[in-house]
Amino acid sequence: MIATKMIPDFSAPVHVDQVGIEERASRFTKRSIKNETKLNGLMLALNMIDLTTLEGKDTNGKVKQLCYKAQHLHDAYPGLPTVAAICVYPSMVKTAKAALGNSGIKVASVATAFPSGQAPRDVKIRDTKYAVQNGADEVDMVISRGKFLEGEYNFVFDEIAAIKEACGDARLKVILETGELVTYDKVRKASDIAMYAGADFIKTSTGKISPAATMPVTLVMLEAIRDFYYKTGKKIAMKPAGGISKSKLALHYLVMLNETLGEGWMNNEWFRFGASSLANDILMQLMKQKTGVYQSANYFSID
Amino acid sequence: MAKATKNNTLKLKFDSARNLAPAPESKSAAKIDPQYDLFINGKFEKPLSKKYFATINPATEEKLSMIAEANTADVNKAVVAARTAYEKTWKKMPPAERAKYIYRIARMIQERAREFAIIETLDGGKPIRESRDFDVPTAANHFFYYAGWADKLEYAFPNRRTEPLGVAGQIIPWNFPLLMAAWKIAPALACGNTVVLKPAENTSLTALKLAEIIQEADLPPGVVNIITGAGATGAAIVNHADVNKIAFTGSTEVGKIIQRAIAGTNKKATLELGGKAANIIFDDAPIDKAVEGVINGIFFNQGHVCCAGSRLYVQESVFKEVVRKLKDRLETMILGEPMDKNTDIGAINSKAQLDIINKYIKIGQQEGAEMYQPSCAIPKKGFYCRPTIFTNVAQSNRIAQEEIFGPVLAIQSFRTDDEVIEKANNSPYGLSAGVWTDKGSKIFNLTTKLRAGVIWANTFNKFDPTSPFGGYKESGFGREGGLHGLSAYINLTT
């Protein structure tokens, strides 16, 4: 917690205009990204990916394979960056940590009864501590959407603050699950609550609910981050997750990030893509840039 | 843990957002002839004046083509052609048949949209994104919309009989060359009038391309005549005895000259003149959207918009936030070659206009206003002006009173609703205004009290063929667009 910051009144109305946000978000898609800007953008997007597997049927073997892929995205293309992190369930953290070794790739673990968050607070805290004790560098928590929608903002605030405390040195990503909040006003309010309660990242979605990340929702959150930065001087990171599977869309997100928060956020400390299939699409585009022709999807590993 | 920094010193950095790899639209997709003649009676004819003048690309100062200069004899030829076509063909044609021609023109504009967009940008300096996404599609929409009215005038004016006026002389400005031609020609034709249209001398090319389409569309000869030239040509149209109606869009100064010229004649007129629109932000507005609306309101088309929101009034409790966000937003704007698809601010239309804008920027500084411009680079060749905002402005400053017609914004703060209404109305102009608030009742309170022809609420610079557009006070009279736009081209006889 920052001692000097004033906690605003979360029951006060926020003003986000739906038409305006959607119009502005669509403007970023009109930017034409070519040549070296495109190449740099694709490399950067690759480096911002939280390569994710969050399934009941996950096995240690699958996680190990994913960790290998994280470090060797496509060895046919020398000089590629690694992804930013591997994102798994708490039970897989130990495996992932061992497989990644000292590669510099972070291990992110979902926690707090992901994805629904329907559990008592002490269970959520234990879940978080388990992930951290097993070596998670980052924790992706979900907020209690039911309480939030009821207007119990203090409950949500306190819960995030408690999880932040349980995280210790691990960075906390707070998933708002924007698909369940529905309106941009609520997304903005939840973003503000999360940031003031101690979030290091705010994140759109679990990927289990549709719609997941969209550009307008992400823009609302980026604007919240900018306003928070101006008020407190503290940078908060952003992670859109779910639904971003194409390179072109990822580049649009980067344009939006660059024109909303600027260069200071254009690296994987401050921005991530939560995605599983995005990496291969970017690899395909990079090979196309290099060789001039598209290659079949069969040339890219699916892990 | 990050220490709280003094937040008014924090600044976001946007250099890389501005420096994208070039993404130019291809010039070769449009054909520009080395020389253009006058379009009279369905044919391109050499001017009797035997004179031509050059039209240049304001972004590079390169010559694009030579344009014929119509003299009084040429104007007379065009009016005679229009009169003959009116009496012999167009007036008698069943309205549904007229509509077919107008629909055909609309479709042909759509088919050749890319070519129109490229030429509009080369000739006028506006960003290709705007010509492609706004000017050309809106022009086509205008023809579509009025084509629909041609055979339904009895429903537009129930229980009245309508008849066309005759020959309409139409003079249009350089800021939206094709779109203004569409605004003028489409309703005139739908109501059964014939037309002599003169585009501005800086930007004649898309009107001449439209003439090519009109020729291809087999519109009966003489129904639309497009003649080119400068002020003298326009004066010859205004003063021609056989013209029944003058439709003019341009400066208030020329509008006054036209009114004097036609006083005592039977000529009807609609004038769409200058503006100095107030854009008003209340403290309960969605601020980020309002900022976006201010940017769109004043920097759209380099500020060459008669309804541009050039006076910004911000409620004092959000003044600092709005100005800070405006400055951030300015830093992300890409200024440069208009043909690049990423350009937000293109070239100023002419050297003369750039001189006027620079004169006002100097005046603003001399008046003691505080100027801010983003740090973007300006191309060496061509006419460019950085987007400019002034704070510490007084209502008595010239930059807050006079139309600059460029990317220059004057910002003032206000405290109460009544104060801002009074200040907003304190202008000889009354074309448009904008109101930003989350409160519906406040919107209605203001829209009934602001003396402006068009008032946008929580948006700005939105245009639609179905919506009337026009001014109060020295911003002119008559309406274009929508049902109201028909009244400007008909007589009600019963």
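This is a predicted model: local features need pLDDT of at least 70, side-chain atom pairs count only at pLDDT 80 or more; totals for chains, interfaces and linings use all residues.
Residues are numbered from 1 along each chain as its sequence is written, and chains are lettered from A in the order in which they are written.

Chain A holds an open sheet of eight strands with parallel pairing, in the order S7-S6-S5-S4-S3-S2-S1-S8, where strands are DSSP runs of E of at least two residues and helices are runs of H or I of at least four, numbered from the N terminus, and two strands pair if DSSP finds at least two bridges between them. Its edge strands, S7 (237–239) and S8 (273–275) of chain A, each pair on one side only. S7(A) is joined in the parallel sense to strand S6 (residues 201–203) of chain A over three bridges, and Lys239(A) in S7(A) stands opposite Lys203(A).

The largest nonpolar core has 102 residues, among which Ile86(A) and Val174(A) touch the most other members; such a core is a set of buried Ala, Val, Leu, Ile, Met, Phe, Trp, Tyr and Cys residues joined through C-beta atoms within 7 Å, buried meaning that 20 or more other C-beta atoms, placed from the backbone, lie within 10 Å of a residue's own. H10(A) provides the largest share of this core, 10 residues.

Between the chains, 30 residues of chain A are in contact with 27 residues of chain B, contact meaning C-beta atoms, placed from the backbone, within 7 Å. H10(A) gives the most to the side of chain A that touches chain B, with five residues.

Definitions and conventions. Two residues are in contact if their C-beta atoms, placed from the backbone, lie within 7 Å. A residue is buried if 20 or more other C-beta atoms lie within 10 Å of its own, exposed if 12 or fewer, and partly exposed in between; C-beta atoms are placed from the backbone.
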